[in-house]
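Please read these notes with the model open.

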Amino acid sequence: MLCVSIYQGLVQDFRDEAYDPPSYSIGLLDFVTTWQPRLMRETVINVFLGPYTCGKCLARINRSNHAFIWQITLSLLLIGVVVFYAIEIQLGIPGSSSIAATCYFGYVFYVTGARVLLRMRCKIPGNMIADFIITVFLWPTVIVQMKEHIDAGALNVITTDDDLHSFGSSLDSKLDKLSMDSELDNIARVYATFGNNVNNNHNTKTDSRM
């Protein structure tokens, strides 16, 4: 989480000051920092009902009427985490914890995918690495954030057939066209700017010595 925060801080520092990208309607930690009982309640509820809420979000993002497909899949993965860890602890069957960890990361990948799709759909800056790391540790708040953003009408921004066609393109195409915060581009920009600053400082010192 600290690495993600440092990276995002560096990216923001080297952006154009006039750049004002779209953002989520609530922050990941608003349930604590703003002390809103409703958000706190939603976060606690989604520790247990996260698969149901995330499945609904995926259905709305993909304009599908079959949310139960994702809900069942996510539920089985989350239940698998608890069941296989319990088997490891109670029965001592070797390898059960590995299966539980696989179920957990499968669940995390699903939630991360939902966040990435919503981000690209709403053209919110970000990258998959940060989304994954955040989801590993804060998946209930990630789900609440997606739900609140969708409920706020964020998906209404795409209304034309051209927009829908663009959204339905391949994942690589989406990343090329819609992502405003490409991982490699940002790293390259940060290092390039850092290198230029170092060179300028070196030239300034050289000139002063002469």
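1. One aromatic cluster is formed by Tyr104, Phe105, Phe109 and Phe132. Rings of Phe, Tyr and Trp (its six-membered ring) pair if their centres lie within 6.5 Å, with planes under 30 degrees apart counted as stacked, over 60 as edge-to-face and the rest as tilted. The count by this rule is four aromatic pairs. One of them joins tyrosine 104 and phenylalanine 105, edge-to-face, at 5.7 Å centre to centre and 75° between the planes. Phenylalanine 105 is partly exposed, at 35% relative accessibility (buried is under 20% relative accessible area, exposed over 50%, partly exposed in between; 1.4 Å probe, protein chains only).

2. The model is predicted: local features need pLDDT of at least 70, side-chain atom pairs count only at pLDDT 80 or more, and totals for chains, interfaces and linings use all residues. Residues are numbered from 1 along each chain as its sequence is written, and side-chain values use heavy atoms, with hydrogens and water left out.

3. Tyrosine 107 and tryptophan 139 have ring centres 5.0 Å apart and planes at 85°, so this pair is edge-to-face. Tyrosine 107 belongs to helix 5 (residues 96-122) and tryptophan 139 to helix 6 (residues 128-151), so the pair ties together parts 32 residues apart in sequence. Helices here are DSSP runs (H or I, at least four residues), numbered from the N terminus. Tyrosine 107 is buried at a relative accessible area of 0%, and tryptophan 139 is buried at 11%.

4. Where does helix 3 bend? The bend is at leucine 49, by about 95°, and proline 51 follows within four residues; the angle is taken between axes fitted to the seven residues ending there and the seven starting there. After helix 3 comes arginine 63, with a positive phi near 55°.

5. The whole structure has one cavity of 30 Å³ or more (on a 1 Å grid over the protein atoms alone, a set of points where a 1.4 Å probe fits but cannot get out). The largest cavity holds about 50 Å³, a volume being the space filled by probe spheres set on the points. Helix 2 (30-33), helix 3 and helix 6 each give two or more residues to its lining. Lining residues, which have an atom within 4 Å of a point, include Asp30, Phe31, Leu39, Thr43, Thr141 and Val144.

Methods
1 Å grid on protein atoms, 1.4 Å probe; cavity = no way out; pocket = protein on both sides within 12 Å on 5 of 7 lines; lining within 4 Å.
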